[in-house]
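These are my notebook entries on a structure that I looked through part by part. The sequence and the model come before the entries.

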Amino acid sequence: MTASEIRSRFLTFFESKSHAIVSSAPMVIKDDPTLMFTNAGMNQFKEYFLGNSEPKNNRVADTQKCLRVSGKHNDLEEVGMDTYHHTMFEMLGNWSFGDYFKKEAIDWAWELLTDIYGIDKDILYVTIFEGDEAEGLERDTEAFERWKKYVPEERILNGNKKDNFWEMGEQGPCGPSSEIHVDIRSAEEKAKVSGASLVNMDHPQVVEIWNLVFMQFNRKADGSLEKLPAQHVDTGMGFERLCMVLQNKQSNYDTDVFTPLIREIEAVTKSKYGKEEKTDIAIRVIADHLRAVAFSIADGQLPSNTGAGYVIRRILRRAIRYGFTFLNTKEPFIYKLIPTLVKEMGKAFPELLSEKNLIENVIREEENSFLRTLDQGLVLLENMISAANSKSISGKKAFELYDTFGFPIDLTALILRERGFSLNESEFEAELQKQKDRSRAATKVETGDWVTLQDDWEEEFVGYDTLETQVKITRYRKVESKKEGELYQLVFNLTPFYPEGGGQVGDKGYLEAPNGEVVYIVNTKKENNLIIHFAKSLPRNPGDTFKAVVDSTQRFRTASNHTATHLLHQALRNILGEHVTQKGSMVHSRNLRFDFSHFAKVSDEELKQVEDFVNARIREGIALEERRNIPYQQAIDEGAIALFGEKYGDSVRAVKFGKSMELCGGTHVDTTSDIWHFIITSEGAVASGIRRIEAITGDAAKQYFIDRSESYTEVQKALNNAQDPVKAVQNLQEENTALQKQIQQLLKDKTKNIKGELLLEISEMSGVNFLAKKLDLDAGALKDLAFEIGGEKENLFLLFGSEIDGKALLTCYISKDLAAQKALNAGTIVRELGKYIQGGGGGQPFFATAGGKKPEGIDEALAKASDYIE
Ligand code: ATP
Ligand code: MG
């Protein structure tokens with residue numbers, strides 16, 4: 001069975017059990033502060049388990065792109081070492097939201113594996129939760145009894161809380177789980193050691209393939225458990241592991257999910273898979289990481305220096321350095337593997353296909369820059385080795401190399417080992433831990449339990465139509481963090497406040513109580529589909545009805561910028577071409593920022609055209625045509641632009657201004673003429689193939705013109721009210737250049753004259769031609785002068801002192817012969833005399849200078865010069 005058949009049979013099976021098949025959510029998560037990446041199929045349904053909203057279907061199945069590289073699920077260090085953990089993998093899953101429970105989940109899992117896929121029953125083991133006294137939890141006998149129908153008792157194993165009790169996070173829904181494991185060892189091995197003893201023991205051929213989670217509890221902030229009002233099923237099966245079993249392989253990497261990639265890596269790096277362990281690990285790392293990085297970029301997450309982008313950068317760098325160290329790749333090569341990946345997976349994941357160029361460009365650029373870092377790091381490491389006075393390098397030094405230059409510690413350790421040096425690794429670990437603790441302390445958030453005042457299912461957003469309305473608080477909780485201090489999160493029964501999203505900032509404003517008390521709302525965000533208002537304090541009577549008022553000035557400015565962003569997008573596609581797609585957007589009240597794919601700098605001429613295009617649409621006064629709750633497909637068919645990496649529901653909102661039509665949840669002006677005017681303030685590169693434009697509109701544009709006009713008047717005044725200030729400035733510049741030339745010439749002449757005079761002033765002292773004198777010249781002229789005199793007079797000792805812009809300078813010249821013969825050193829002399837001018841310096845034995853803060857000391861220094869000769 002090919003991988004794609006295996007995938008589609010899973011979906012058809014659950015479709016036949018009345019499940020709605022949904023698509024994978026993006027891998028990068030935007031509305032959950034506790035998660036950066038989707039790490040399980042259930043993430044996109046969290047809002048249902050939390051009771052924030054009600055699902056349309058209570059039976060759902062899908063295949064979900066997951067990434068386990070940070071937080072609670074972090075498999076990064078395993079990947080490549082073993083044969084069954086990946087960073088990015090597909091998780092097949094079926095869900096019941098308050099519908100069926102353990103019985104059906106178990107029946108169907110068994111039917112699918114043994115009937116549909118035809119897996120031999122005798123290679124399967126299952127586990128059930130054994131209970132936990134401390135938590136007051138009983139053994140999951142319900143699951144046990146059901147499994148007994150299919151599986152002999154000795155193959156049903158008890159599992160502890162670590163393996164068989166699943167929790168979403170520190171708080172929230174949780175419950176016992178039941179796992180299905182396969183034993184794919186040879187018959188001889190099975191005869192020697194029983195499979196039961198290897199379950200959950202990290203054996204590469206006795207692995208978990210499917211986990212069925214039965215959510216029945218909610219974990220509260222104080223750690224206690226309460227029963228959930230509705231019971232849910234959440235299952236996850238590793239697609240690549242399933243392929244391994246069904247294709248009779250011993251490793252995920254030997255299935256058709258990976259073999260085409262591995263063949264290509266072999267070809268590009270001229271290496272061979274399956275011969276040597278180190279090479280194999282490197283090839284597996286690259287095959288795996290390549291997928292993770294490519295899918296992230298397709299989802300809109302580029303490698304960067306912070307947050308999710310930094311995680312992606314680190315994954316890519318791990319692949320680069322495995323290639324660098326074990327496959328001897330010193331040039332970018334990972335980007336060359338993209339065509340194979342796209343060929344294999346582009347059908348199932350069209351975003352790979354359409355973003356292929358961008359993925360290649362970004363990866364190549366990252367490879368180039370990290371290879372440069374590696375080169376620099378190697379030089380630094382060499383210096384460290386040659387400066388070392390023992391055969392051990394301190395962990396602190398290695399940490400510096402790692403932290404400041406991004407030089408990987410395993411490479412440092414490897415190189416040191418090869419050179420016969422040892423590394424103090426525990427010291428390195430300690431430094432790393434210190435850094436982690438610092439950042440954890442800085443980002444730690446204490447979250448209290450929700451206090452529910454009112455049960456309310458649908459939290460309606462009314463902010464498209466009104467900025468002011470009466471609301472009730474339905475629930476609230478307290479959150480505390482170092483960064484923001486103490487805040488209250490409030491949820492209303494309905495709200496005019498727009499929550500941060502789609503690049504647009506959250507609304508600010510206030511709540512007014514019947515008694516006149518005012519509570520300010522400082523921000524609004526969406527978390528797991530819940531609109532959360534952040535307040536500095538809690539109203540005295542939270543149960544009151546409040547007047548909720550959005551800051552209308554901020555909202556209007558933001559709306560202007562958002563509409564302008566759509567027009568800018570349209571303009572870019574018109575003027576630069578249809579290849580332009582949105583790669584990021586920030587809509588504030590003060591300005592807007594728009595990132596888009598484009599291969600070259602946008603020329604001044606093109607920028608002008610873009611500005612003109614947008615301003616023309618503004619002058620036309622095009623009215624907003626808003627289409628709420630239309631089916632996704634209908635919107636797309638009508639020409640609406642959708643973005644990759646965005647999570648769209650079945651019904652969407654389309655925002656249309658003339659020929660610009662986008663799927664968008666943001667707030668917009670009623671007519672484009674509200675924007676007043678659009679000005680591009682900057683254009684530049686963000687990454688290879690991605691440009692950024694920043695722009696302003698409305699009030700900010702007005703202010704821009706006012707400021708410009710004021711400075712123009714100032715300039716004109718400074719130019720004695722010149723009629724044509726530009727011409728006047730040009731004249732000044734020309735004049736300035738001419739004057740500079742004259743000064744240069746005069747200085748040259750002056751030096752020449754001085755040289756003549758000085759030659760006469762040199763006197764003989766103890767057989768040396770000696771002169772110490774104060775001169776009014778700059779450093780360069782003094783140097784030239786010293787060398788010119790030196791060229792004409794032998795056996796010479798010169799010391800010049802000068803004052804330049806309030807600072808002192810000493811210049812010392814000694815003929816080379818003289819310096820050698822009398823063991824004189826100009827460097828030492830200026831350093832010693834430097835104390836008179838409160839400074840220091842140095843140079844060579846025959847020429848040196850010293851700078852100082854005390855010009856009054858110059859005479860004293862000059863007076864001491866003769867001491868060196870006598
Ligand atoms: P393991 O103990 O093998 O790491 P897990 O307990 O972390 O697995 P779950 O969180 O229950 O796994 O995830 C559900 C299923 O997803 C697993 O049964 C497995 O088939 C698959 N899976 C989990 N982690 C990975 C991974 N890193 N790569 C590939 N498949 C995975
Ligand atoms: Mg795991």
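**Aromatic groups**

I began with the rings and found that Phe45, Tyr48, Phe49, Trp95 and Phe97 form one aromatic cluster. The model is a predicted one, so I note its limits here: local features need pLDDT of at least 70, side-chain atom pairs count only at pLDDT 80 or more, and totals for chains, interfaces and linings use all residues. Residues are numbered from 1 along each chain as its sequence is written, chains are lettered from A and ligands numbered from 1 in the order in which they are written, and side-chain values use heavy atoms, with hydrogens and water left out.

I then looked up the number of aromatic pairs, which is 32. For a pair, the ring centres of Phe, Tyr or Trp (its six-membered ring) lie within 6.5 Å; planes under 30 degrees apart count as stacked, over 60 as edge-to-face and the rest as tilted. Helices (H or I, at least four residues) and strands (E, at least two) are DSSP runs, numbered from the N terminus.

Buried means under 20% relative accessible area, exposed over 50%, and partly exposed in between (1.4 Å probe, protein chains only). Phe461 has 22% relative accessibility and is therefore partly exposed, while Tyr498, at 6%, counts as buried.

**Charges over rings**

I looked for arginines above tyrosine rings. Arg284 lies over the face of Tyr253, 5.9 Å from the ring centre. The charged end of Arg364 sits over the ring of Tyr335, at 5.2 Å from its centre. The criterion is NZ of Lys or CZ of Arg within 6 Å of the ring centre and within 35 degrees of the ring normal.

**Ligand 1**

Which residues come nearest to ligand 1? Of the 15 residues around the ligand (a heavy atom within 4 Å), I noted Asp75, His85, His86, Glu208 and Asn211 as the nearest. I then listed polar contacts, that is, pairs of N or O atoms within 3.5 Å; within protein, one must be able to donate a hydrogen and the other to accept it, and residues adjacent in sequence count only if both atoms are side-chain atoms.

- An N or O atom in the side chain of Arg68 is 3.0 Å from an oxygen atom of ligand 1.
- A nitrogen atom of ligand 1 lies 2.8 Å from a backbone N or O atom of His86.
- An oxygen atom of ligand 1 is 2.7 Å from a polar side-chain atom of Asn211.

Taken alone, ligand 1 exposes 580 Å², and the protein buries 86% of that. Such areas come from the Shrake-Rupley method with a 1.4 Å probe; for residues, only the protein chains shown count as cover.

**Loop residues**

Is Asp299 buried or exposed? Asp299 is in the loop between helix 9 (277-298) and helix 10 (307-327), and at 5% relative accessibility it counts as buried. A polar atom of the Asp299 side chain lies 2.6 Å from the backbone nitrogen of Met27.

Pro33, in the loop between strand 1 (20-21) and helix 2 (46-49), is exposed at 61%. I found 9.1 Å between the C-alpha atoms of Pro33 and Asn528, which are 495 residues apart along the chain.
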